[in-house]
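I opened the model and kept notes as I went. The entries follow in the order in which I looked things up.

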Amino acid sequence: MPNPILEVRDLRVEFPTRRGTLVALDSVSFAIQPGEVLGVVGESGAGKSMTGAAIIGLLEPPGRIAGGQILLEGRRIDNLRYEQMRRIRGREIGAIFQDPLTTLNPLYTVGDQLAETMLTHLPIRPAEAKRRAIEWLELVGIPAAAQRVDSYPHEFSGGMRQRVVIALALCAEPKLIVADEPTTALDVSIQAQIIALLKRLAREKGTAMMLVTHDMGVIAETADRVAVMYAGRIAEIGPVRDVVKAPRHPYTAGLMASIPPLDRRVERLAQIDGAMPRLSAIPQGCAYHPRCPKVFSRCAVDRPELMDAGTTDAACWLHYKSPAHA
Amino acid sequence: MPDAAVFVEAQDLVRHFDVSRPILQRLAVREGKRILRAVDGISFTIPKGTTLSLVGESGCGKSTVARMMVGLYGTTSGHVLFDGRDLKQARAASDQRRRLQMIFQDPYASLNPRWRVADIVAEPIRAFGLAQGRDAVLARVAELLTQVGLSPLDGQKFPHEFSGGQRQRISIARALSSNPEFLVCDEPTSALDVSVQAQILNLMKDLQRRLGLTYLFISHNLAVVRQVSDRIGVMYLGRLVELAPAETLFTIPRHPYTRALMEAIPDLEMTGRTRIPVGGEVPSPITPPPGCAFHPRCPLANDRCRRERPELLAAEATMVACHAVQEGRAG
């Protein structure tokens, strides 16, 4: 197996508050190989965006990494100083956020923004940067790129802006892309165009990608593997087909069943009763046990770590095999 | 004579918004008025106890229709008929006005953060005089909260103490408190997580069955719409392009735009088929293209489509506005 581009080991993120410390992420571990797309799904507050923010070194204070390691090509990046991290962002890790309007600077033309990024990170001259900016706009499918390169962000539609953001994230040819809900603000017909574009570029350039979204459909179409998060931990991780078709964790199963199907009408959608606990009130044992239909005594006492569940890894005592059997 | 089965009817609804610059600026640069045609001639009927859904992408005018149906927006032309009466007359009488209510998309913005939940739910009851005396009002509030799956004790809390899904339950309880017969639901689950969305959709279906409610349901999510609708209208740039019984729309979509929308939805089944995303983007409703508004993105467009605007005409069980379908070119 080749060395992973990104490796996250036992990541723990805490928020100190007046009422005590909230643990936003706990024991989060995963790796992404070159050219691989890892989907990260979960409901609001599960910690999926937080994981992305921790990797690119943009946690909102007072949030801080309290434990674990983040390694980019084997090198630790979680303990770097701001200035060192700034050089890695853009050059080695590209970021795409949900809202293209807040990502782009409204006062500069898109060409200038692309050129600035490349000049900061690549050893090229301004004329070359300008030429490449036009090339990138063509590559992400902006018509009449040579003219549009001198336009300002407000002159583009939402879908076109997100294409510019993708060009911006990719133009310094990073090894890893962290994309946080890149298609959520877009209409479904535009969404399909953007997903196809991201997938094609990641494959062509061999870029590893972490795709954070709440939309299982997007994950199913784009990702190679998927991590399902619940209350700040990974509940299940595995190949996308296995997680979607034959989930091993009851939470994943509930989540998949509650998605309204497009190909038929059901009288009653499967629902998970209750809601995800707040960070200040995460139950003891497995965080999902109060909502779990398969709960048994151990779930309320011990917190399960990810364990081998056949096709995937799931943090669930149902899959526990005592060492005597193993 | 109104059809007995028709409870709510939209007759050729039009709503324009004036988005011109201020008059002095306009005179200075010699610019004409700019009119945004948010809704440009829409007609439909909803039989009692059924659900009509309107789907479409942002800017297609679906929310504007929703607001016109309850009188939050006036109409530029056209009429809304509610139980055989013009909506303007119906809204003038409070015993009629209470019969229609609306549920909004964002449960964080549509509840007053300074009011306790019990007061939020009780306001329509007091305003319409539906219960006399404090005890009767509180009893009714408790009943409503129970009906939407909350505890009567939750009435003493403030909206910020609830999650998104619970807040949407409060919105529903408030809407139901005036004993309405017609509910307009504008993207009621779009702000919610998928497992919570399932809870709310199930609740809305239960309430419809139990109380005989009539719904106008607005959504951009075709999968959600399939679960709740009896009939579905697909909107594009202020007009209906297709109106059909729910199952018909999904089994035999006729309009090229409807087909493109279904094609574009990410597929959970992962059959590995390569999707052909519809190219281009929705044009501006200020300067819509001539002829059929979808023609710049349509694979079937010909000269007639670029020239002549198609009307919504019957094609078997479906109503569809497309020259290609009418001429049998759609395949």
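Entry: I count a salt bridge when a side-chain nitrogen of Lys or Arg is within 4 Å of a carboxyl oxygen of Asp or Glu. Over all chains, the search of the whole structure finds 40 salt bridges.

**Entry: ground rules.** This is a predicted model, so I noted that local features need pLDDT of at least 70, that side-chain atom pairs count only at pLDDT 80 or more, and that totals for chains, interfaces and linings use all residues. Residues are numbered from 1 along each chain as its sequence is written, chains are lettered from A and ligands numbered from 1 in the order in which they are written, and side-chain values use heavy atoms, with hydrogens and water left out. Helices (H or I, at least four residues) and strands (E, at least two) are DSSP runs, numbered from the N terminus.

**Entry: the sheet of chain A.** I found an open sheet of four strands, ordered E2-E1-E4-E5 in chain A, with antiparallel pairing. Which strands stand at the edges? They are strand E2 (20–32) and strand E5 (75–76) of chain A; each has a single partner strand, so one side of each is left without a neighbour in the sheet. Strands count as paired if DSSP finds at least two bridges between them. Strand E4 (residues 64–72) of chain A and E5(A) pair over two bridges, in the antiparallel sense. I checked A:Leu71 and its bridge partner in E5(A) is A:Arg76.

Entry: I looked at the loop between E4 and E5 of chain A, where A:Glu73 lies. A:Glu73 is not a glycine, yet it has a positive phi of about 50°. Then I went to the loop between helix H1 (48–55) and E4 of chain A, which holds A:Pro62. The peptide bond from A:Pro61 to A:Pro62 is cis, with omega near 5°.

**Entry: the sheet of chain B.** Here, too, I read an open sheet of four strands, in the order E2-E1-E4-E5 (chain B), with antiparallel pairing. Strand E2 (35–47) and strand E5 (85–86) of chain B stand at the edges with a single partner strand each, so one side of each has no neighbour in the sheet. Two bridges join strand E4 (residues 77–82) of chain B to E5(B), in the antiparallel sense. B:Phe82 stands opposite B:Arg85 in E5(B).

**Entry: two domains in chain A.** Chain A is divided into domain 1 (6–83 + 182–187 + 205–319) and domain 2 (93–173); the bounds come from an automatic or database domain assignment. Nine residues from domain 1 of chain A and eleven residues from domain 2 of chain A make the contact, meaning heavy atoms within 4.5 Å. The C-alpha centres of the two domains of chain A lie 31 Å apart.

I then looked up the buried area, which is the accessible area (1.4 Å probe) that two parts lose on being put together, summed over both. Domain 1 and domain 2 of chain A bury about 790 Å² between them, with 80% of it on carbon and sulfur atoms.

**Entry: chain A against chain B.** How many residues of chain A are in contact with chain B? I read 44 residues of chain A against 42 residues of chain B. The area buried between chain A and chain B is about 3,600 Å², and carbon and sulfur atoms give 50% of it. The count of salt bridges between chain A and chain B is two. In one salt bridge, the side chains of B:Asp206 and A:Arg268 meet at 3.2 Å, N to O.

Five helices of chain A each supply at least two residues of the side that touches chain B: helix H7 (158–170), helix H8 (188–205), helix H9 (216–222), helix H10 (240–245) and helix H11 (250–257). H8(A) gives the most to that side, with seven residues.
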